Amino acid sequence: MRFDLLTIFPEFFAGPFDFGILRRAQKHGVIEIKIHDLRSFTTDKHHMTDDRPFGGGDGMVMKPEPIFNAIETLLAESVASEKPAAIVLMSPQGTRLTQAKARQLANDYSRLILLCGRYEGVDERVIEHLVTEELSIGDYILTGGELPAMVVVDAVTRLLPEALGSATSAVNDSFEDGLLDYPHYTRPAEFRGWAVPEVLISGHHAEVAKWRRRAALRKTWQHRKDLLAQAQLTPADQKWLAEFEAEKINEKDRT
Ligand code: 9D3
């Protein structure tokens, strides 16, 4: 996968891609990340990437010319690829990035051009005539699209078949089976008087699997009830959920 990131703050990206899986994926040629300074695609004397909004109002709008220039220049240099390029605007108005969306991007494209917005937004003609999709990473206000673009690179890269070491796998990820992860423990078996659940030390693989499923279900029930509606639940799962609900009522009764 080739990532092209378009930004007025190229220095913002120094660091985050140089560690762990992202570093390894670049070293092994699984991904290539190129950062482009929008300012270098300006043609005016003052290298302006923004201007005042038509119709008035506060804030500035990103000019269309540098963005069209940059992306048309990028598309002109052919990248060896079977699959097409997506031109993605990182924007609070975009559709939400989900695990399913990340998987779709990883599967459907061999090149992602990520345009990082700043100011109040970009000239609408960029969205109408250039951008193929708009993505938000969630319902909170950030200062620009740079951090969201990093999130896209990270989430998509770890889904590429060659990106993770053979020891790890993205198959059993939380969200892909619709539940949150179960709790993890490592040595020591007792830490400051807090013991690890007995079953995990027992060596009974089937019992461990059962415990983990129930614990994942409990975490999901506690923190993300909304996920339960979409999850594939067995009759055993349903029974456990009923137990959690009953437990909650009992707790209330005790007070
Ligand atoms: C007052 C209108 N604001 C829109 C909600 C203006 C505005 C605020 C923040 C315009 C741009 C931004 C900067 N944010 C992004 O560019 C952004 C973003 C975000 O703020 N949250 C989640 N995902 C994203 S993707 C890009």
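Me: What counts as a polar contact in this predicted model?

Reply: A polar contact is a pair of N or O atoms within 3.5 Å; within protein, one must be able to donate a hydrogen and the other to accept it, and residues adjacent in sequence count only if both atoms are side-chain atoms. The model is predicted, so local features need pLDDT of at least 70 and side-chain atom pairs pLDDT 80 or more, while totals for chains, interfaces and linings use all residues. Residues are numbered from 1 along each chain as its sequence is written, and side-chain values use heavy atoms, with hydrogens and water left out. The cut-off for a polar contact is thus within 3.5 Å.

Me: How far is a backbone N or O atom of Tyr140 from a nitrogen atom of the ligand?

Reply: Ser136 places a polar side-chain atom 3.4 Å from a ligand nitrogen atom. For Ile137, a backbone N or O atom lies 3.0 Å from a nitrogen atom of the ligand. For Tyr140, the corresponding backbone distance is 2.8 Å.

Me: How much of the ligand's exposed area does the protein bury?

Reply: Accessible areas come from the Shrake-Rupley method with a 1.4 Å probe; for residues, only the protein chains shown count as cover. Taken alone, the ligand exposes 570 Å². Of that area, the protein buries 77%.

Me: Which element gives the most residues to the shell around the ligand?

Reply: Helices (H or I, at least four residues) and strands (E, at least two) are DSSP runs, numbered from the N terminus. Two or more shell residues come from each of strand E5 (85–96) and strand E8 (133–136). With four residues, the largest contributor is E5.

Me: Where does His47 lie?

Reply: Most residues other than glycine have a negative phi. His47 has a positive phi of about 55 degrees although it is not a glycine. Its place is the loop between strand E2 (32–37) and strand E3 (50–51).

Me: What is the omega of the peptide bond that joins Arg187 and Pro188?

Reply: Most peptide bonds are trans. Pro188 is found in the loop between helix H5 (146–157) and strand E9 (190–191). The bond joining Arg187 and Pro188 is cis, with an omega of about 5 degrees.
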